[in-house]
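Have a look at it first, then read on.

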Amino acid sequence: MKGSLLIIARHFPPAVSGGARRPLLLAEGLRARGWKVTIASPAAPNGYPHWIETPHPAGLRGETAVAQGPTNPIEGLKIRVRGALYWPDGDMRWAFSADAAVRRADVRPDWVLTTSPPESAHLAGYLVKSRTGARWLAEMRDSWIDEPLRPELRDSALRRGIERRLAKTLLRRADRIVAVSPSIADEATRLAGRPATVIGHFARAPISSYEFSAPGPHLVHAGRFTLSHRDRRIEALLADFEIAAADLPPTARLHLIGLLTEDERNAVARNPRAAQIVGHGEKPYDQALAMQQAADGLILQQPAIAALPGKFSEYLLMTAPILIVGDGEWTRRLGAAPHFRLTDARKAMAAPRRQPQDALGPALDAYERILGAPV
């Protein structure tokens with residue numbers, strides 16, 4: 001055995017999100033390479049080995065309220081109250097309960113890894129490190145202060161200033177820092193006072209196949225919109241699809257894989273091209289990958305921020321052209337991966353297919369270098 005690692009993850013399958021898949025793929029990959037990996041999370045697949053259940057008193061209610069949006073104003077108010085009262089965020093109580101669950105399980109790993117959001121996960125990492133002497137690897141998937149997603153941070157400069165000091169105090173106790181992009185690494189480096197290592201998003205290749213029933217061409221967008229980032233508006237994608245569809249065969253279809261809010265479903269229903277739009281809802285990870293593999297075009301949308309969408313790592317495994325919606329620094333971080341505007345979909349599909357690129361193997365190599373290096 002190379003060593004032991006405890007991953008504390010607020011999001012883990014069967015939850016469907018990029019934040020859930022990253023710790024799953026990391027755990028599976030490191031186990032295959034000889035590491036003993038224990039997961040501490042609110043849920044896990046049936047029969048999952050070396051798993052510690054970590055209760056989350058606020059988490060599920062919060063996710064439900066976000067999905068319901070304005071149809072549940074009381075729960076929405078509770079989320080805002082928890083955001084104001086609990087620092088760094090409303091999952092703070094889960095962080096304490098996660099540490100307590102690890103303590104009851106008497107797990108004493110060589111390393112503990114915490115991944116955010118939520119930022120409270122790092123509080124759990126600090127507690128486990130302090131109690132067990134384990135080394136602590138803190139990972140940031142989203143911006144904490146510079147481009148925050150939480151409303152209480154976005155709307156209050158005072159809150160951001162106070163929480164910046166909290167972030168510095170907490171992250172400077174970590175032994176190593178990982179970030180998923182250069183922009184987040186820059187922020188993490190300033191907060192932690194030491195260089196952060198960039199380990200980008202990664203995915204695994206699909207293990208099943210899929211066939212669309214209609215002729216196509218089939219354009220696929222996988223992921224959530226405002227449920228992932230409040231500035232990721234479905235209206236922008238729908239407007240670009242209208243332009244693209246006018247230049248494509250009438251059998252062209254836009255496939256939306258992921259949970260939509262009621263407002264987003266209504267926007268689709270009102271769109272002049274609604275008959276060409278198919279909403280699939282959430283799909284199991286393997287099926288979603290298979291649908292991406294069968295697509296004629298893969299749509300990537302992001303607000304005007306620096307961070308690349310995590311979905312990019314999945315799209316790199318496929319051969320269909322990448323079709324982008326939106327502007328900003330993230331569009332310049334696509335590197336050499338061929339990409340086109342969604343409005344140029346016809347031109348994109350006439351171009352040569354891409355070669356698949358695997359990011360999982362190099363990412364596991366990078367984690368092992370960190371976990372095996374002296375601190």
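## The sheet and its helix

Strands E8 and E9 run parallel, joined by five bridges. Helices (H or I, at least four residues) and strands (E, at least two) are DSSP runs numbered from the N terminus, and two strands count as paired if DSSP finds at least two bridges between them. Before going further: this is a predicted model, where local features need pLDDT of at least 70, side-chain atom pairs count only at pLDDT 80 or more, and totals for chains, interfaces and linings use all residues. Residues are numbered from 1 along each chain as its sequence is written, and side-chain values use heavy atoms, with hydrogens and water left out.

Back to that pair of strands: Leu 219 has Leu 254 in E9 as its bridge partner. Four of the five residues of E9 are buried, so the strand is largely enclosed by the rest of the structure. Buried here means under 20% relative accessible area, exposed means over 50%, and partly exposed is in between (1.4 Å probe, protein chains only).

Zoom out and you get an open sheet of six strands, ordered E10-E9-E8-E11-E12-E13, with parallel pairing. Strands E10 (277-281) and E13 (339-341) sit at the edges, each pairing on one side only. On average, neighbouring strands are turned by 30° against each other, direction ignored. Axes are lines fitted to C-alpha atoms, for helices over the stretch in contact, and angles run from 0 to 180 degrees between N-to-C directions.

Helix H9 (residues 234-245) packs on this sheet, touching E8 (218-222), E9 (253-257), E10, E11, E12 and E13. The direction of H9 makes about 160° with that of E9. Elsewhere in the sheet, E11 (residues 297-301) and E12 (residues 322-325) pair in the parallel sense over four bridges, and Gln 301 is partnered with Val 325 in E12.

## Cores and a pocket

A nonpolar core is a set of buried Ala, Val, Leu, Ile, Met, Phe, Trp, Tyr and Cys residues joined through side-chain atoms within 4.5 Å. The largest one has 51 residues, and Ile 7, Leu 30, Leu 137, Leu 300, Phe 312 and Tyr 367 touch the most other members. Helix H14 (residues 360-372) gives the most to this core, seven residues. Another core lies apart from it, with 39 residues, among them Ile 52, Ala 101, Val 107 and Leu 171.

What is the volume of the second largest pocket? It comes to about 350 Å³. Of the 21 residues lining this pocket, Val 180, Gly 200, His 201, Phe 312 and Ala 359 are the closest to its centre. H14 provides the largest share of the lining, three residues. On a 1 Å grid over the protein atoms alone, a pocket is an open set of points where a 1.4 Å probe fits, with protein on both sides within 12 Å along at least five of seven lines, and lining residues have an atom within 4 Å of a point. Grid points are joined across faces, edges and corners, and the volume is the space filled by probe spheres set on the points.

Terms used
Contact = heavy atoms within 4.5 Å.
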